[in-house]
Amino acid sequence: MDADVTDPAVLRLASPVSPSDGPRLCAELTRLAAAGATEIVCDVSALHTPQLSALEALSRLRLTARRTGCHLRLRHPTPQLRALLELTGLAKPLGLGEAP
C-alpha cells in the first residue's frame with residue numbers, strides 16, 4: 001500500500017487479532033509514516049467481538065503513531081469495541097472521546 005499524503009493511509013485490522021499482529025501493524029504504520037503519511041486511519045469494522053489482543057494492537061499503534069508524528073484515528077468501531085475502549089480508558093487516546 002502506498003501512502004498518499006493528501007488522503008489518509010488506511011490500516012485494516014482483521015478479526016481475530018493475534019498477539020503477533022501488533023508488531024506487524026506497527027511496522028506497517030512506521031513504513032507508511034516514512035513514506036510521508038501524516039494521518040493513519042485504522043479500520044476496525046471487522047472487530048465484532050473485540051479481544052484483549054486487539055486492544056494491545058491498538059495501544060501499540062497509538063504509541064507508534066505518536067512516535068512517528070502521525071495522527072491515528074479509528075474508523076467504524078463497533079459498539080462493543082467502543083464500550084471496551086471506554087472501559088479500559090483507551091477511548092480518548094484513540095480519538096473516541098465523543099459519543100458515536
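Reader: What do the buried residues of α3 pack against?
Author: In this predicted model, they pack against α2 and β3. Helices (DSSP H or I, at least four residues) and strands (E, at least two) are DSSP runs, numbered from the N terminus. Buried means under 20% relative accessible area, exposed over 50%, and partly exposed in between, using a 1.4 Å probe and protein chains only.

Reader: Okay, which residues of α3 are the buried ones?
Author: They are L81, R82 and L85. Looking down the axis of α3, these buried residues fall within an arc of 100 degrees, so they line one face of the helix. The arc is taken from the directions running from the helix axis to the C-beta atoms.

Reader: And what's on the face of α3 turned away from that buried side?
Author: That face carries P79 and L87, which are exposed.

Reader: Is H76 buried or exposed?
Author: H76 is exposed, at a relative accessible area of 52%.

Reader: Where does G95 sit?
Author: G95 is in the segment after α3. With a relative accessible area of 49%, G95 is partly exposed.

Reader: New topic: how do α1 and α2 pack, and at what angle?
Author: α1 (21-34) packs with α2 (residues 52-68) at about 25 degrees, with the axes 9 Å apart. Axes are lines fitted to C-alpha atoms, for helices over the stretch in contact, and angles run from 0 to 180 degrees between N-to-C directions.

Reader: So what do you call that arrangement of α1 and α2?
Author: Roughly parallel. That label covers angles under 35 degrees; over 145 is roughly antiparallel, 65 to 115 roughly perpendicular, and the rest oblique.

Reader: Which residues of α1 and α2 meet?
Author: On the α1 side they are G22, P23, L25, C26, L29, T30 and A33, and on the α2 side A57, R60, L61, T64, A65 and T68. Contact means heavy atoms within 4.5 Å. Sorted by class, that α1 and α2 contact has 8 nonpolar, 4 polar and 1 charged residues. Ala, Val, Leu, Ile, Met, Phe, Trp, Tyr, Cys and Pro count as nonpolar, Asp, Glu, Lys and Arg as charged, and the others, Gly among them, as polar.

Reader: Which residues does T64 touch?
Author: Not counting residues up to four places away in sequence, T64 touches C26, L29 and T30. T64 lies in α2 and counts as buried, at 6% relative accessibility.

Reader: What's in the loop between β1 and α1?
Author: P16 is one of its residues; the loop runs between β1 (9-12) and α1. The peptide bond from S15 to P16 is cis, with omega near -5 degrees. V17 lies in that loop too.

Reader: Is V17 buried or exposed, then?
Author: V17 counts as buried, at 5% relative accessibility. Leaving aside neighbours within four places in sequence, V17 is in contact with L47, Q51, S53, A54 and A57.

Conventions:
Residues are numbered from 1 along each chain as its sequence is written. This is a predicted model: local features need pLDDT of at least 70, side-chain atom pairs count only at pLDDT 80 or more; totals for chains, interfaces and linings use all residues. Side-chain values use heavy atoms; hydrogens and water are left out.
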